[in-house]
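Here is a friendly note to read alongside the structure. The points go from the whole chain to single residues.

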Amino acid sequence: MMPHARPQQFAGQLTRRRVLQVAGAGLALAAVPAVARAQTTYTFTIPALPSARTTELDRTQNSLSASELRSTGFYLPADTALNVVVHAGSLAPTLVIGAPDADARKEFKSPRDYPLQVGRNTVTDAGGGVVYLKLIGETGQAKVTIGEEAQPMPYFVLGRTGEADFQRRLDERTTPYVELLSPHAMITVERASALTYRTENHTDLLSTYEDIIRIEDATSGYDGSAPEHARLAHRYHFVGYPSAITGVGAYATHGHMSFPPPIQDRMLTVAALRTRGWGIYHELGHQHQQITYKPSSLTEVTVNIYSLAVNAVFATKYGQQPRLHAPDAKTGLTPWQSAPGKLRTPGVNYGTTFDPYEKLVMFEQLRLAFGDSFWPNLHKLVRVERPYASDYTDEVLRLRNLVVLSSRTAGHDLSDFFRAWGVPVDAEATAQITALHLTPPPVDPSTIRQ
């Protein structure tokens, strides 16, 4: 049976209500009752936020959006009628049931949206799932009371939940899902996964997620220096695949990233996230990539600009292995050792001559040549000027954009550098750079070694 809703309005007031009003810049935190059934209803006040899928993507020029879901910390059982009141004077939000990709049943893989109206509503969902709110707009807020039919989940909020309280909730609350929340991250996993890694320090875990996001945001130039360079209004949503799905790797899409059980140790343990978390940084990187200079051939390449940024910080902070200094299992050479010798060779082709990690050396040479501000400044340039990006299959235009925008950011003609790596530099790219009167850099970036 497909999910359904039965919105209704009727008069009357809820009684014995626990009210929690949480506002702020889109970082609403949910009610976290101490005892599962001690209260009967729960009230939230959330501000409207711009659409992550339209307004924010247009501002950032990114290829994937963050999540529009606003965590409540509650779970609705399947086929259970939930009473929801939208208070007078509020905007009418959308109730969403189900975390994306969290349910093994195909028909409930995607969240179900139930638009609410001011007054009392009743929503029944055939699949059940985590309860979220969504309110898209430029101004205003919604005050919403969720009825006692919703069950409090084990729920950890960075800076508000103590470890002992969370451990007690894991024992007392047997909902199928557990959720962890920090200012910029939302983590939703099956109960079984949360129990497997329950002995972790969850303050340290979420603080590490905040560090990862801060590093990737900084690489994207989200420095708040202008409205277009503000950090995202929405959280990044990390979701654990259900155990019933096998043979599926991690991936990122609009609104969330999904991680299967074989790599959830890196998602849910402090040590692994800090020392072996490349896959987490990589999927988050997909939600930072800009479209303008990302043809399909570079989707799995430029994403690791952000992974490398985290890797570099964590190498110093936690002793993580620097990825480009890790020897290849077959050749025994690191990317820094194997890639440079292929530059300027006959027939060199960036797409086919280099392996995935060797390709990253090119981007590291740019960072080393022009400083840590190079990538942030390129991102900011794109957000300000919004160059034509065409379609992701337009290799010619987007590779041209990479050459021209990189040259503009560096303040030097990088045509020879890109040719050395086998990146095509067409006549139009040459003409644009010539018109800017850019000269070659004093030091050829392709000669840089580490």
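1. A residue is called buried when its relative accessible area is under 20%, exposed when that area is over 50%, and partly exposed in between. With that cut-off in hand, take D101: its relative accessibility is 4%, so D101 counts as buried. Please keep in mind throughout that this is a predicted model.

2. Let us start with the whole chain. The protein chain holds 16 helices and 16 strands. Its radius of gyration is 24 Å, close to the 22 Å that the globule rule gives for 450 residues, so the chain is as compact as a globular protein of that length. The C-alpha trace spans about 75 × 45 × 40 Å along its principal axes.

3. How much of the chain is buried? Buried residues account for 56% of the 450 residues. Among contacts with a separation of 6 or more, 73% are between residues 24 or more positions apart.

4. The accessible surface of the protein chain is about 17,700 Å², and carbon and sulfur atoms contribute 54% of that. The chain carries 43 positive and 43 negative side chains, with the centres of these two sets 5 Å apart.

5. There is one annotation to mention. An unreviewed UniProt entry lists residues 67-371 as "domain: Peptidase M60".

6. Now back to D101 and its backbone. D101 sits in the loop between β5 (94-97) and β6 (112-115). Most residues other than glycine have a negative phi. D101, however, has a phi near 65°, a positive value in a residue that is not glycine.

7. The phi of S390 is positive, about 55°, although S390 is not a glycine. Where is S390 found? The residue lies in the loop between α13 (374-385) and α14 (395-410). With a relative accessibility of 28%, S390 counts as partly exposed.

8. Helix α9 (residues 304-318) deserves a look of its own. Its buried residues are N304, I305, Y306, S307, L308, A309, V310, N311 and F314. Which elements cover them? The cover includes α4 (202-219), α6 (270-275), α7 (278-286), α8 (299-302), α12 and α13. After α9 comes G319, with a positive phi near 80°.

9. Helix α12 covers residues 356-370 and contains K359. Is K359 buried or exposed? Its relative accessible area is 12%, so K359 counts as buried. Beyond residues up to four places away in sequence, K359 touches V301, Y350, G351 and F354. P335 is 24 residues from K359 in sequence, and their C-alpha atoms are 8.4 Å apart in space.

10. F363 also lies in helix α12. An α-helix has 3.6 residues a turn, so residues three or four places apart point the same way. F363 is buried, at a relative accessible area of 3%. Setting aside neighbours within four places in sequence, F363 is in contact with V301, T302, I305, Y350, W375 and L402. One of these, I305, is among the buried residues of α9. R59 is 304 residues away from F363 in sequence, with 24 Å between the two C-alpha atoms.

11. A420 is buried, with a relative accessible area of 1%. Which residues does A420 touch, not counting those up to four places away in sequence? They are L343, R344, V348 and S446. F374 is 46 residues from A420 in sequence, and the C-alpha to C-alpha distance is 20 Å.

12. The last stop is R160, in the loop between β11 (155-157) and α2 (163-172). R160 has a relative accessible area of 46%, so R160 counts as partly exposed. K317 lies 157 residues from R160 in sequence and 26 Å away in space, C-alpha to C-alpha.

Technical notes:
Residues numbered from 1 in each chain as written. Predicted model: local features only at pLDDT ≥ 70, side-chain atom pairs only at ≥ 80, totals over all residues. Heavy atoms only, no water. Helix = DSSP H or I, 4+ residues; strand = E, 2+ residues; numbered from the N terminus. Rg over C-alpha atoms; globule rule 2.2 N^0.38 Å. Buried < 20%, exposed > 50% of the residue type's maximum accessible area, 1.4 Å probe, protein only. Contact = heavy atoms within 4.5 Å. Areas by Shrake-Rupley, 256 points an atom, 1.4 Å probe, with all protein chains shown as cover. Lys, Arg positive; Asp, Glu negative; His and termini not counted. Charge placed at Lys NZ, Arg CZ, Asp CG, Glu CD. UniProt positions renumbered as here; feature names shortened; annotations may be inferred.
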